[in-house]
Amino acid sequence: MTLPLLLALTLAASGCALQTEADDVSPTATTDGLTASDDSTIVELLGQYTTVRLDADLSGLSDSTRAMLPHLIAAARAMEGPYWTEANTTPRDSLVAGLSEPARRYVAINAGPWDRLDGNAPFLPGVGPKPLGAGFYPADLTKEELLQAADLYPERGLTGLYTLVRRDGRQPGRAGASQLVGVPYHQAFAEAHGRAAAHLRAAADLAQDPGLERYLRLRADALLTDEYRASDLAWMDMRSNPLDVVIGPIETYEDQLAGFKASHEAFVLVKDQEWSDRLAGYARLLPQLQAGLPVPDAYKAETPGTDADLGAYDVIFVAGDANVGSKTIAINLPNDETVQLEKGSRRLQLKNAMRAKFDRILRPIADVVLPADQRDLVTFEAFFGNTMFHEVAHGLGIKETITGRGTVREALQDRASALEEGKADVLGLYMVQQLIERGEWDEATLAQHQVTFVASIFRSIRFGASSAHGRANLVRFNFFVEQGAIVPEATPDGEVWRVVPDQMDAAVQALAEKILTLQGDGDYDAVDAFVKTYGRTTPALTASLDRIAAAGIPVDVVYEQGEAVLGLEPAGPLAAPATGR
C-alpha cells in the first residue's frame, strides 16, 4: 500500500503572530519508543482493513479525456496536506519520526494517531485524547469561548466553514476570546490550493465536455478565494461529463467541537454511463415523496429541488477526508442549503467501492448475524438501492428550522451530521417502500431491502462512535429493537437478529417522524438527549460485533490507488496561478 503524501503546512495569516499546529502539541505527545507489544497490536489493527485496488476500464475515454486524469489526481493529492492540518495538532513528520512501518501505515489510514474505528482512541503511546475541534481550533478552546468570541467579533469569521481559528497574542484586550482570529483557508493553505488550482485548469484545457470544463475553472477560482457557490452551481449543471472530480473543503464531520468547519477531500471518478441511465428520473419524484412524509405540514413545507442527478461511477482516486477510516460508497452534494433548494443535489453512487464492500464485508456479516432463512435476502441490488435512496433522501425534509433558529446545521452544530445521516438512512428505506408500491422500483423486493438494510447496520456500526454514520446506525439499531422491528433469536452458534417485516414499516415511520421533527425544531438539547438515549452499545449488540470480529471479517477497506494502478504517467509540476481569475 502506498502511503499518502501528508504534508504539514505552515499557516500564512497576513502578518499575525498566530499559533500554528506545531504550537498546539501536548507536552506528552511523543511517539518514539514503540515496544514489540505495541507493534503487534498495531499489526492486529491493520487487519481490520482489506485492500481494494482502484482500477477502472478507461478504454472508452478519448485520448484528451484520459490525459485529464493525471492532472485531476495531482489536484486531489494536494488536499492531503490541508486535511492533515485540520485533523491533527502535530505535524506529520514529527508524529511519524522513528515509528515502525506498521505504525506509519496505521497513522496514514487514520490521518493521525487516533483510531477512527475505536471512537478516536489514541493508538500510539504518549498521545492524549483527540481534541473535539481536531486541528481547526486551538487545542484548549472550548465551545463556549468560541461562541462568545463569534458573538463579540462577527467580522472575524470564527464560525465560518472555511476558516481556521487561531490565537493572536497581539490582539488588544484580555487573553481568551479577544485573541481568537479566523484564518481563511485560501490563505492558510495557499500553496496547496494554488497547486490544485493549476492542475484543475490544466485539466480544463483538455476537457471536451463544456460543463466539466466550466466547473473545473470555477472550482480552481474557488480554491483561491473561498467562494464556492458558483462552482457548486456549475457542478449541478453537469450531465454528460465522462469524468468527475469532487474537491475542496466539503464535509464537517471532523469538527466535533461545533460542526462548523469543512475539511478537505477529493474524489476522482469515471462515469458508468449504462448504470447512470438506469438511475435517471428518480429526482422528479422528490416533491411527491416530500408531500407524503409522516410529519405535520410545517416540517415538510420546503419544496426540494428536482433538477437533481443520479449517477453511477467508478472511483479511481480519493484523498483527504475521503481516504481515512471507513470509506464512503456514495456522495450527496453540494452541502450548501441555498444550492440544494434552488437546484437539488447530485447523488453519485461509487459502484466499484460498493461492490467491494458488499462482497468482502456485508455478505459475510449476514452469515453471522441473521437467521439462516433470511440470509439469502441480502442482495447487491438491495444494497445498491438502499445506498442510492439514502443519498436521494438527503434532499427531503427541512433545511431551515421552523423555530427561527437558522438552518438545521447552524442550530444543531456538532449533532447535525449524525442526525442528518440517520434521517437519510431511514427516509431512504421509506422511499424504497413508496417507490415499490408505485411500481417505480423493481430491482429488489421490500423484504430484500429491509433485511439488507439491517445487515448493513452492523457493517456501519463498526465504523466507530467517532463516525457520523456509525452513530446514526447505532441510534437506529436500538430504536428498531425497541419497536420490535429487530428481535434477538437464539441459535446453537449464538444469538442472531431477525427482521420482523410487519413491525419494520411502523418503526421506519416512527423514526422518520422523530428525526424530521428534531431537525425542524432545531432543539440542540433534545437532539443531544435523543442521541444519548439510543446511541449506546448494549451487551447483546457487543456480543454480535465480537462474533463478527472473531470471524475475521474486515471492518472496512484501504485503497491501492494512483497513476501506476491505472497505467498512467504522473502529471508534472505546474506554476500556481497568482489570482482566482
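1. By salt bridge I mean a side-chain nitrogen of Lys or Arg within 4 Å of a carboxyl oxygen of Asp or Glu. The structure holds 27 salt bridges. Side chains of opposite charge can pair when their charged atoms come close.

2. A word on the basis for these notes. This is a predicted model, in which local features need pLDDT of at least 70 and side-chain atom pairs count only at pLDDT 80 or more, while totals for chains, interfaces and linings use all residues. Residues are numbered from 1 along each chain as its sequence is written, and side-chain values use heavy atoms, with hydrogens and water left out.

3. In helix H8 (residues 190-206), Arg 195 and Glu 191 sit four residues apart, about one turn of the helix. Helices here are DSSP runs (H or I, at least four residues), numbered from the N terminus. The two residues form a salt bridge, with 2.9 Å between the closest N and O atoms. Arg 195 is partly exposed at 26% relative accessible area, and Glu 191 is partly exposed at 46%. The classes are buried (under 20% relative accessible area), exposed (over 50%) and partly exposed in between, using a 1.4 Å probe and protein chains only.

4. Helix H14 (residues 351-369) holds another pair, Arg 363 and Asp 367, which are four residues apart and so separated by about one helical turn. Their side chains meet in a salt bridge at 3.4 Å, N to O. Arg 363 is partly exposed at 22% relative accessibility, and Asp 367 is partly exposed at 39%.

5. Is the pair Glu 420 and Lys 423 buried or exposed? Both Glu 420 and Lys 423 are buried. They form a salt bridge whose closest N and O atoms are 3.0 Å apart. The two lie three residues apart in helix H17 (residues 416-437), about one helical turn.

6. Finally, the axes of helix H18 (residues 446-461) and helix H20 (residues 501-521) come within 11 Å and cross at roughly 70°. Axes are lines fitted to C-alpha atoms, for helices over the stretch in contact, and angles run from 0 to 180 degrees between N-to-C directions. H18 is therefore roughly perpendicular to H20, a class that covers 65 to 115 degrees. Leu 446, Gln 450 and Val 454 of H18 make the contact with Pro 501, Met 504 and Asp 505 of H20, where contact means heavy atoms within 4.5 Å.

Definitions and conventions. Parallel < 35°, antiparallel > 145°, perpendicular 65-115°, else oblique.
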